[in-house]
Amino acid sequence: MREDRPPPTPSRGGAYSPPPPDQVLENVLEHVLQFLTFRRDRNAAALVCRSWHRAEALTRLELFIGNCYAVAPRRAMERFRRATAVTIKGKPRFADFNLMPPDWGANFTPWVTFMAQCYRALEKLCLKRMFVTDEDLELLASFPSFRELVLICCDGFGTSGLAVVASKCRKLRVLDLIEDEVTDDEIDWISCFPEGETCLESLIFDCVECPIYFEALERLVARSPSLKKLKLNRYVSIVQLYRLMIRAPQLTHLGTGSFSPSEIVAQGDQEPDYSSAFDACRSLVCLSGFREIVPDYLPAIYPVCANLTSLNFSYANISAEQLRSVIRYCHKLQIFWVLDTVCDAGLQAVAATCKDLRELRVFPIDAREDSEAPVSDVGLLAISEGCRKLQSILYFCQRMTNAAVIAMSENCPELVVFRLCIMGRHLPDHVTREPMDEGFGAIVKNCKKLTRLATSGLLTDRAFSYIGQYGKLVRTLSVAFAGDSDTGLKYVLEGCPRLQKLEIRDSPFGDSALRTGLHRYYNMRFLWMSSCRLTRRGCKEIAQQMPHLVVEMINGEEEEVKDDYVDTLYMYRSLDGPRADAPSFVTIL
Amino acid sequence: METQIMSCESDDLNLKATELRLGLPGTDPALEKQSSNKRALSEIDSCSDAKNGEQDRRAPPAKGQVVGWPPVRSYRKNCLQQKKSETDGSGMYVKVSMDGAPYLRKIDLKVYQSYLDLLKALQNMFKCTIGVYTEREGYNGSDYAPTYEDKEGDWMLVGDVPWEMFVTSCKRLRIMKGSEAKGLGCL
């Protein structure tokens with residue numbers, strides 16, 4: 001390992017002394033390493049030797065923090081001094097489903113406070129599942145070069161925070177609010193963008209559940225010639241959508257808002273020619289929205305269907321027939337999100353046309369475990385037969401068969417993500433009444449590229465033995481209401497070398513299984529186990545044996561002292577020890 | 001594993017014995033078995049599951065429906081809930097037209113318990129006779145036959161499917177003249 005060397009001595013008497021060879025090497029290295037973009041490559045380069053480590057740290061422009069508690073802001077930012085783009089992820093995914101009490105943490109404030117000193121030149125920020133306050137946003141807005149803000153599944157801020165960002169970030173190009181919870185502070189934040197031409201390229205606010213002042217939005221769009229992505233919230237009616245579209249025919253991504261009229265349209269009313277507005281958008285490739293769709297207006301989108309690569313109907317309550325009328329034109333579709341109201345028949349129509357489909361998500365309109373879901377193994381089978389290039393699927397249903405899942409494993413070898421949610425708990429194959437072991441087994445066995453798997457239905461330990469045996473590339477695994485005993489979890493912890501994120505709920509896995517993963521946990525981003533059979537003592541043992549692991553015991557809301565079992569275990573590696581901001585219901589062992 | 005499945009089966013039998021059945025006689029027993037299999041093996045669920053219709057009448061809903069399952073984000077659930085309340089939540093209103101009548105009516109399907117109920121109400125509302133349904137002949141022989149448009153846009157004869165299924169899939173009703181409906185009754 002090289003020592004830090006002193007800076008080259010200045011020349012004397014005008015004679016030129018060439019820099020020492022080490023310095024040359026380092027300069028060259030920095031130039032070369034600039035071209036490394038993939039995180040994994042950079043991490044590898046940083047391990048070569050100290051000078052590479054240093055050079056890599058100075059040339060890394062994009063900083064990715066997969067778990068905000070894995071490293072302290074200071075340590076991260078002092079190593080990577082020149083980063084201009086930062087991504088930080090906070091809460092674990094199961095927090096989305098109310099499995100974590102609010103105020104657990106993932107606060108952005110300590111990060112932005114440090115950024116205000118170290119990262120004044122920050123340009124881009126992406127936060128996922130973080131708690132962000134209006135004050136944080138205000139601080140961000142003061143960074144002179146700040147131009148891109150992407151907030152995904154965040155909360156803690158409101159329209160007043162947005163107003164500050166809009167008014168103070170003079171160079172703002174991207175403001176993407178995706179599935180955030182935004183409080184309505186009754187501020188017209190759209191009006192806060194400064195007058196004159198903006199450099200806005202992307203404005204996504206479909207999740208903002210507050211009315212907006214339309215005229216201000218219309219003026220904003222009119223003075224944003226670079227705007228390519230615009231996703232409106234449900235307070236924008238179809239008439240207003242029309243007015244926006246004719247001002248922005250250059251759009252490539254459009255979220256249509258409500259897609260319904262704001263008042264009852266009487267017979268004979270003069271309505272704009274919506275279809276012509278869509279026709280004018282020659283570059284449109286991504287369409288979403290339809291938050292309160294009146295299906296009569298669907299034909300308006302026909303002109304753009306042939307060019308669409310991404311279509312999101314997941315808030316649109318439409319029937320199979322209505323879907324068919326649209327999807328038959330969508331030959332280039334690669335990403336498709338839809339509600340199960342389209343039934344198996346609708347999915348069959350998709351399978352018949354969308355030969356290039358890569359990603360499919362089918363959401364339930366009635367997300368209760370005893371609802372009657374109109375999609376089933378029939379739809380899944382049809383998709384597998386028609387869409388051979390499928391890479392990612394999320395499928396909610398009530399009736400499934402092993403045969404259909406096995407067929408998909410054989411027909412779609414490119415699958416990287418397979419997430420099946422049979423909503424009724426412990427439901428077996430509805431035809432054979434067998435557990436769903438063979439289906440999931442086939443997926444891990446036949447889909448050689450699989451990195452993400454979510455299971456459901458009745459599963460025995462055998463399913464996990466398959467996962468451990470064949471799921472060699474699996475990085476993310478979600479398990480719920482599955483397995484018979486500790487053996488199930490042991491199979492996974494012993495068998496899956498690439499496991500990064502393991503989230504388990506309501507499954508009979510206990511301390512003995514937890515112990516078998518000791519060799520794994522430092523290589524994982526996190527382990528989540530809620531309502532399983534872990535005891536406090538079992539968790540404490542792990543904490544004692546692994547000093548760089550933060551072992552959090554999170555107590556559920558109501559404290560009926562049930563049994564000895566831990567409500568929720570959330571554990572993750574950390575370079576900087578346990579966090580200082582843990583609330584009272586979190587015990588760090 | 002064996003014992004767990006066994007206990008599941010014996011619970012199954014108990015549920016069946018005490019369960020109220022809202023379906024038409026001859027409802028597929030396999031479907032019923034499926035709904036009672038939803039009993040969880042975990043300690044969270046401790047009270048018996050019930051069919052859809054009884055869900056709301058049970059006292060604390062907490063135990064039957066588990067927190068965070070199915071895993072759909074609340075944002076999405078809330079968005080769709082708003083639309084649902086126009087149909088399922090607070091009444092399920094569908095338009096009813098009758099051939100020859102000058103204007104349509106609207107009825108709330110949730111108010112009725114069975115086909116008998118519904119048909120009686122329709123006959124009252126429109127002052128017509130609908131007659132008796134048989135699986136083979138439909139409403140053959142009566143003046144009028146009730147039909148409905150389902151979620152897929154197809155026109156179906158009222159009475160073929162179990163009541164629950166009908167209620168969730170019916171979008172509108174049309175009372176056809178018997179003479180026009182003749183074709184529907186013959187298999």
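In this predicted model, Arg60(A) has a relative accessible area of 5% and is therefore buried. Glu56(A) is also placed in the buried class, with a relative accessibility of 0%. These two residues are joined by a salt bridge, in which the closest N and O atoms are 2.8 Å apart. Side chains of opposite charge can pair when their charged atoms come close.

Glu56(A) takes part in a second salt bridge, this time with Arg79(A), at a distance of 3.9 Å from N to O. Because Glu56(A) belongs to helix H3 (residues 50-59) of chain A and Arg79(A) to helix H4 (residues 73-79) of chain A, the pair ties together parts that are 23 residues apart in sequence.

Returning to Glu56(A), shared partners join the salt bridges of Arg42(A), Glu56(A), Arg60(A) and Arg79(A) into one network. Over all chains, a search of the whole structure gives 32 salt bridges.

In one of them, the ring centres of Trp189(A) and Phe205(A) are 5.5 Å apart and the ring planes stand at 85°, so the pair is edge-to-face. This pair links distant parts of the chain, 16 residues apart: Trp189(A) is in the loop between strand E7 (182-183) and strand E8 (202-204) of chain A, and Phe205(A) is in the loop between E8 and H8 of chain A. Both partners are shielded, since Trp189(A) is buried with a relative accessible area of 1% and Phe205(A) is buried with a relative accessible area of 0%.

In chain B, Trp163(B) and Phe166(B) form a tilted aromatic pair, with 5.4 Å from centre to centre and 35° between the planes. Both residues belong to helix H5 (residues 163-169) of chain B, where they are three residues apart, about one turn of the helix. Trp163(B) is buried, with a relative accessible area of 5%, and Phe166(B) is likewise buried, at 0% relative accessibility.

One aromatic cluster of chain A is made up of Tyr69(A), Phe94(A), Phe97(A), Trp104(A), Phe526(A), Trp528(A), Tyr570(A) and Tyr572(A). Trp104(A), a member of this cluster, also has Arg579(A) over the face of its ring, at 4.4 Å from the ring centre. Another arginine, Arg291(A), is placed over the face of Tyr315(A), at 3.8 Å from the ring centre.

For chain A, an unreviewed UniProt entry gives the feature "domain: Transport inhibitor response" at residues 83-127. In the model, this span is 22% helix and 20% strand, and its end C-alpha atoms lie 15 Å apart.

How values were computed. Residues numbered from 1 in each chain as written. Chains lettered and ligands numbered in written order. Predicted model: local features only at pLDDT ≥ 70, side-chain atom pairs only at ≥ 80, totals over all residues. Heavy atoms only, no water. Salt bridge = Lys/Arg side-chain N within 4 Å of Asp/Glu carboxyl O. Buried < 20%, exposed > 50% of the residue type's maximum accessible area, 1.4 Å probe, protein only. Helix = DSSP H or I, 4+ residues; strand = E, 2+ residues; numbered from the N terminus. UniProt positions renumbered as here; feature names shortened; annotations may be inferred. Phe/Tyr/Trp six-rings, centres within 6.5 Å; stacked < 30°, edge-to-face > 60°. Lys NZ or Arg CZ within 6 Å of the ring centre and 35° of its normal.
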